[in-house]
Amino acid sequence: MLHPSYSDLINVVNSEVEPGDTPIINSRYSIVIAAAKRARQIIGGAEPELIEPGKKPLSMAVEELYQGEVKILSEAEGTEEEDN
């Protein structure tokens, strides 16, 4: 059993979105892609936000998303940050 569940992760990630706005993550596919991208960053040498010995990179990435330690940017926000 996956803990936290997909729906829990989606709710946490979208918790900062104002009512009526488009959610950042709206499908299981999107949350899986976000977690995999963060896990690849950790494997590539990025410092994990939560240090938990013995955990694999994907488990650390999921936990970071669930704890709100990592923010997922929408495509529009990502483009704005690249421009600056």
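This is a predicted model: local features need pLDDT of at least 70, side-chain atom pairs count only at pLDDT 80 or more; totals for chains, interfaces and linings use all residues.
Figure 1. Apart from neighbours within four places in sequence, Leu50 is in contact with Met60, Glu63, Glu64, Gln67 and Glu69. Leu50 itself lies in the loop between H2 and H3.

**Figure 2. Packing of helix H2 against helix H3.** Two packed helices are described by the angle between their axes and by the distance between those axes. Helix H2 covers residues 28–43, and helix H3 covers residues 57–67. They pack at an angle of about 120°, and their axes are 8 Å apart. Because of this angle, H2 is oblique to H3. The crossing in which H2 passes H3 is right-handed. On the H2 side, the residues that meet H3 are Ala34, Ala35, Ala36, Arg38, Ala39, Ile42 and Ile43. Their partners in H3 are Pro57, Leu58, Met60, Ala61, Val62, Glu64 and Leu65. By class, this contact of H2 with H3 has twelve nonpolar residues, two charged residues and no polar ones.

**Figure 3. Packing of helix H1 against H2.** Helix H1 is made of residues 6–13. The angle between H1 and H2 is about 80°, with the axes 10 Å apart. The two helices are therefore roughly perpendicular to each other. H1 contributes Tyr6, Leu9, Ile10 and Val13, which meet Arg28, Ile31 and Val32 of H2. The contact of H1 with H2 has six nonpolar residues and one charged residue, with no polar ones.

**Figure 4. Crossing of H1 and H3.** The axes of these two helices come within 8 Å and cross at roughly 50°. H1 is therefore oblique to H3. Which residues of H1 and H3 meet? They are Asp8, Leu9 and Val12 in H1, and Val62, Leu65 and Tyr66 in H3. Sorted by class, the residues of the contact of H1 with H3 are five nonpolar, one charged and no polar.

**Figure 5. The second largest pocket and its lining.** Rolling a probe the size of a water molecule over the atoms shows where empty space is left. The second largest pocket has a volume of about 150 Å³. Its lining consists of Val12, Val13, Ser15, Glu16, Ile24, Leu65, Gly68, Val70, Lys71 and Ile72. How do these lining residues divide into nonpolar, polar and charged, and how many are in each class? Six are nonpolar, two are polar and two are charged.

Definitions and conventions. Residues are numbered from 1 along each chain as its sequence is written. Side-chain values use heavy atoms; hydrogens and water are left out. On a 1 Å grid over the protein atoms alone, a cavity is a set of points where a 1.4 Å probe fits but cannot get out, and a pocket is an open set with protein on both sides within 12 Å along at least five of seven lines; lining residues have an atom within 4 Å of a point. Grid points are joined across faces, edges and corners, and a volume is the space filled by probe spheres set on the points. Ala, Val, Leu, Ile, Met, Phe, Trp, Tyr, Cys and Pro count as nonpolar, Asp, Glu, Lys and Arg as charged, and the others, Gly among them, as polar. Axes are lines fitted to C-alpha atoms, for helices over the stretch in contact, and angles run from 0 to 180 degrees between N-to-C directions. Helices (H or I, at least four residues) and strands (E, at least two) are DSSP runs, numbered from the N terminus. Angles under 35 degrees count as roughly parallel, over 145 as roughly antiparallel, 65 to 115 as roughly perpendicular and the rest as oblique. A crossing is left-handed if the near helix is turned anticlockwise from the far one by less than a right angle, and right-handed if clockwise. Contact means heavy atoms within 4.5 Å.
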